Amino acid sequence: MGPETLHTDTLIVGNGVSGLILHYVLQRKGINSILLSKSKNQQNLPLAETLPPSTLELLEEIKLLRLFESKAKKTYGYQSKWVGTNIIDESFFLKSKFGYGLKIDKKKVSQSLKEQCNQIIEINEVNIDSRTKWSSNIFVKNNENKSLNIHTSLLIDATGRKRYILKQAKIKEISYDDTLAFLCYVPKTGPNLKYGFLTEVFSKNSWGTVSDLNETTRIISLYTSKENKQISLFKQYNQWKNLLHKTDVLKHCIPKQGNFKVYGRQANSSIPEKITHNNILSIGDAALAFDPIASHGVSNAIYTAKEAAYSIENYLANDHRSLVNYEQKLYSIFNEYISQKEKLYEMNFHKLTK
Ligand SMILES: Cc1cc2nc3c(=O)[nH]c(=O)nc-3n(C[C@H](O)[C@H](O)[C@H](O)COP(=O)(O)OP(=O)(O)OC[C@H]3O[C@@H](n4cnc5c(N)ncnc54)[C@H](O)[C@@H]3O)c2cc1C
């Protein structure tokens, strides 16, 4: 007897915020959706990501504001020190409709979303078996190593910067910089931060952030270019004191005792050559990856999931332009972002010509 075959309208690969929100919204709309969650060996680190007030409006629209608020702390802005000696107070959150943003606990948000949905399959492995313009056959090994075939009309890449499905479909990505992030969790040390978050530049192409995760723990993240000749120092926590010695705030947030694990992450701006391709559609970081200075990743995950749900609903009602419309909307957002980033970094990026 061959492997069991399941049929679905939408198969989502990836259980980050984008995949889970899309799955949640589709199921609320009555659309048949399966989500594949790779639980083993994954490091979905809590990063205490900040959501600006504009994102709360999106969450309200998809009826998830309460769920997010219950797993978050309110925040009223952030502080930064880019040039000169002054620490700038960015408290514009207060002027918005909500008057606050959210610092979320992504692990708790994800767990809560999972509890609201069904049809989530824990897997070890997923591969595209065959694909036509209108459907895909996916071969899956679940977490008990049992084989499954899933036949789906739409296949969603929600695997973040890995772009696992897009890569299997041979879709290349375009990268606009080579920023890397190095982060570690340390016991709370140094000054109290007014908004629990501060950014400080420490050399021509390197900056760092300190972010309160909870009452006792802080996340310190350092960002730099892959080409930085001192890159090996970023990978070793015991070198951070030296790297940060010229900073005003960051150096005080490094505990004097202890050696902490440093996690490396890609943090560059990139986009796939095709955000949608026949019956494949990407969301979240897989669709548009912003660099962390934009503080835009989770907002983008929520926005793309919301827009994708709308396009999928129309696509399944035979409006085949809807996926193209989704892609074009995202390209125009990314073009605008690149031109803003260009100004911000005073760099000369080439605009996407799509
Ligand atoms: C240091 C740092 C700080 C950040 N700070 C902020 C911030 O303050 N505000 C903000 O908005 N954003 C921030 N971000 C960005 C934000 O975390 C991401 O943009 C967001 O989590 C992306 O969500 P996603 O669902 O698209 O992808 P992800 O969260 O990457 O989820 C992808 C999922 O796919 C799964 N997966 C991968 N490969 C496979 C496979 N082959 N099969 C099945 N599953 C697979 C992974 O295990 C993961 O669960 C930060 C990022 C970093 C690195």
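Residues with under 20% relative accessible area are called buried here, those over 50% exposed, and those in between partly exposed. All views show a predicted model.

View 1. Leaving aside residues up to four places away in sequence, Lys114 touches Asn15, Leu20, Ser37, Ile120 and Glu122. Ile21 is 93 residues from Lys114 along the chain, and the C-alpha atoms of the two are separated by 9.3 Å.

**View 2. The crossing of helices H1 and H4.** The axes of H1 (residues 17–28) and H4 come within 10 Å and cross at roughly 25°. Because angles under 35 degrees count as roughly parallel, H1 is classed as roughly parallel to H4. The crossing is left-handed. On the H1 side the contact is made by Val17, Leu20, Ile21, Tyr24 and Arg28, and on the H4 side by Lys106, Ser110, Leu113, Lys114 and Gln116. By residue type, the contact of H1 with H4 comprises five nonpolar, two polar and three charged residues.

**View 3. Helix H2 and the elements that its buried residues pack against.** In H2 (residues 53–61), the buried residues are Pro53, Thr55, Leu56, Leu58 and Leu59. Their packing partners are strand S3 (50–51), helix H3 (65–70), strand S7 (101–104) and helix H8 (297–316). Just after H2, Lys63 takes a positive phi of about 60°.

**View 4. The aromatic pair of Tyr78 and Phe197.** The count for the model comes to 14 aromatic pairs. In the pair of Tyr78 and Phe197, the ring centres are 6.3 Å apart and the planes stand at 85°, an edge-to-face arrangement. The pair links distant parts of the chain, with Tyr78 in strand S5 (residues 78–81) and Phe197 in strand S13 (residues 197–203), 119 residues apart. Tyr78 has 25% relative accessibility and so counts as partly exposed, whereas Phe197, at 17%, counts as buried. Tyr78 and Phe197 belong to one aromatic cluster with Phe92 and Phe93.

View 5. An α-helix has 3.6 residues a turn, so residues three or four places apart point the same way. Phe334 and Tyr337 are both buried.

**View 6. Positive phi at Gln119 and Arg163.** Gln119, a residue other than glycine, has a positive phi near 60°. Gln119 is in the loop between helix H4 (106–116) and strand S8 (120–131). With a relative accessibility of 39%, Gln119 counts as partly exposed. Arg163 is not a glycine either, and its phi is positive at about 45°. The loop that holds Arg163 runs between strand S10 (147–157) and helix H5 (164–168). Arg163 has a relative accessible area of 2% and is therefore buried.

Conventions: Residues numbered from 1 in each chain as written. Predicted model: local features only at pLDDT ≥ 70, side-chain atom pairs only at ≥ 80, totals over all residues. Heavy atoms only, no water. Helix = DSSP H or I, 4+ residues; strand = E, 2+ residues; numbered from the N terminus. Buried < 20%, exposed > 50% of the residue type's maximum accessible area, 1.4 Å probe, protein only. Axes fitted to C-alpha atoms, helices over the stretch in contact; angles between N-to-C directions. Parallel < 35°, antiparallel > 145°, perpendicular 65-115°, else oblique. Left-handed = near helix turned anticlockwise from the far one by under 90°. Contact = heavy atoms within 4.5 Å. Nonpolar A, V, L, I, M, F, W, Y, C, P; charged D, E, K, R; others polar. Phe/Tyr/Trp six-rings, centres within 6.5 Å; stacked < 30°, edge-to-face > 60°.
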